[in-house]
Amino acid sequence: MGAEELAVLKYALAREREGVKFYRERSKEIHVPEVKELFLQLAEMEMDHVSFISKMIEDASREDEIAIAISHIEQKNVFYSRESLELRGISVDSLAGDLSALRIAYLIEKDFEDFYKQRAQETSKKEIKDLFDMLSSWEEDHKTTLLGLYESLMKEYWSAQRFEPLY
């Protein structure tokens, strides 16, 4: 692995650590149980990313060949059985704050996904491309999960406000 790829991995490692911190801190402020649970699970997944990338950096530092075990540590699909927010006593104001946190989380994951996709496109080394493609795929899974929960809760929010968008 070249110096440029190593620098990209170190940057990615710092960003993944920021993701862990974000999810852990925000989970303490969340009111909707599904959002709190998802944020805690995403913090764990981001820690898996930190461990994975740290190992890649360590192997590269020892000049070991990069051996990417295409592991599927991300296959933790998160589906919830949900009851109405009203029945759980969650206020519309609390929901609005949780929706904002979900939106920010979605944008963070989209940014991670785009970053890894771009790096995959820029390299000519197959093993490095595979690494970044795998990381991008993990972030895409996070993004998709967040978007699904966001859209579901947004509909409940609109309903609670007696509002329906025109589109």
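At what angle do the axes of helix α1 and helix α2 cross? In this predicted model, the axes of α1 (residues 3-27) and α2 (residues 33-61) cross at roughly 160° and come within 8 Å. That makes α1 roughly antiparallel to α2. Roughly antiparallel denotes angles over 145 degrees; angles under 35 degrees count as roughly parallel, 65 to 115 as roughly perpendicular and the rest as oblique. Axes are lines fitted to C-alpha atoms, for helices over the stretch in contact, and angles run from 0 to 180 degrees between N-to-C directions. The crossing of α1 and α2 is left-handed.

The model is predicted: local features need pLDDT of at least 70, side-chain atom pairs count only at pLDDT 80 or more, and totals for chains, interfaces and linings use all residues. Residues are numbered from 1 along each chain as its sequence is written, and side-chain values use heavy atoms, with hydrogens and water left out.

The protein has 5 helices and 0 strands. Along the sequence, the pattern is α-α-α-α-α. Helices (H or I, at least four residues) and strands (E, at least two) are DSSP runs, numbered from the N terminus. The protein has 167 residues, of which 42% count as buried. Buried means under 20% relative accessible area, exposed means over 50%, and partly exposed lies in between (1.4 Å probe, protein chains only). The protein exposes about 9600 Å². Carbon and sulfur atoms supply 51% of that area. Accessible areas come from the Shrake-Rupley method with a 1.4 Å probe; for residues, only the protein chains shown count as cover.

Helix α5 covers residues 126-160, a run of 35 residues. At 1.5 Å a residue, α5 should span 51 Å, and its end C-alpha atoms are 51 Å apart, which agrees. The expected span is 1.5 Å times one less than the number of residues. Arg162 follows α5 and has a positive phi, near 55°.

Helix α5 packs with α2 at an angle of about 175°, and their axes are 12 Å apart. That makes α2 roughly antiparallel to α5. On the α2 side, the residues that meet α5 include Leu38, Phe39, His49 and Phe52. Their partners in α5 include Leu135, Trp138, His142 and Leu149.

The axes of α1 and α5 come within 13 Å and cross at roughly 20°. Helices α1 and α5 are therefore roughly parallel to each other. Their crossing is left-handed. Glu5, Val8, Leu9, Glu16 and Tyr23 of α1 make the contact with Ile128, Leu131, Phe132, Glu139 and Leu146 of α5.

Two residues show the surroundings in detail. Arg15 lies in helix α1. At 12% relative accessibility, Arg15 counts as buried. Neighbours within four places in sequence aside, Arg15 is in contact with Asp111, Phe112 and Phe115. The C-alpha atoms of Arg15 and Val50 are separated by 9.1 Å, although these residues are 35 residues apart along the chain.

His49 belongs to helix α2. At 0% relative accessibility, His49 counts as buried. Val20 is 29 residues from His49 along the chain, and the C-alpha atoms of the two are separated by 9.5 Å.

Key: Left-handed = near helix turned anticlockwise from the far one by under 90°. Contact = heavy atoms within 4.5 Å.
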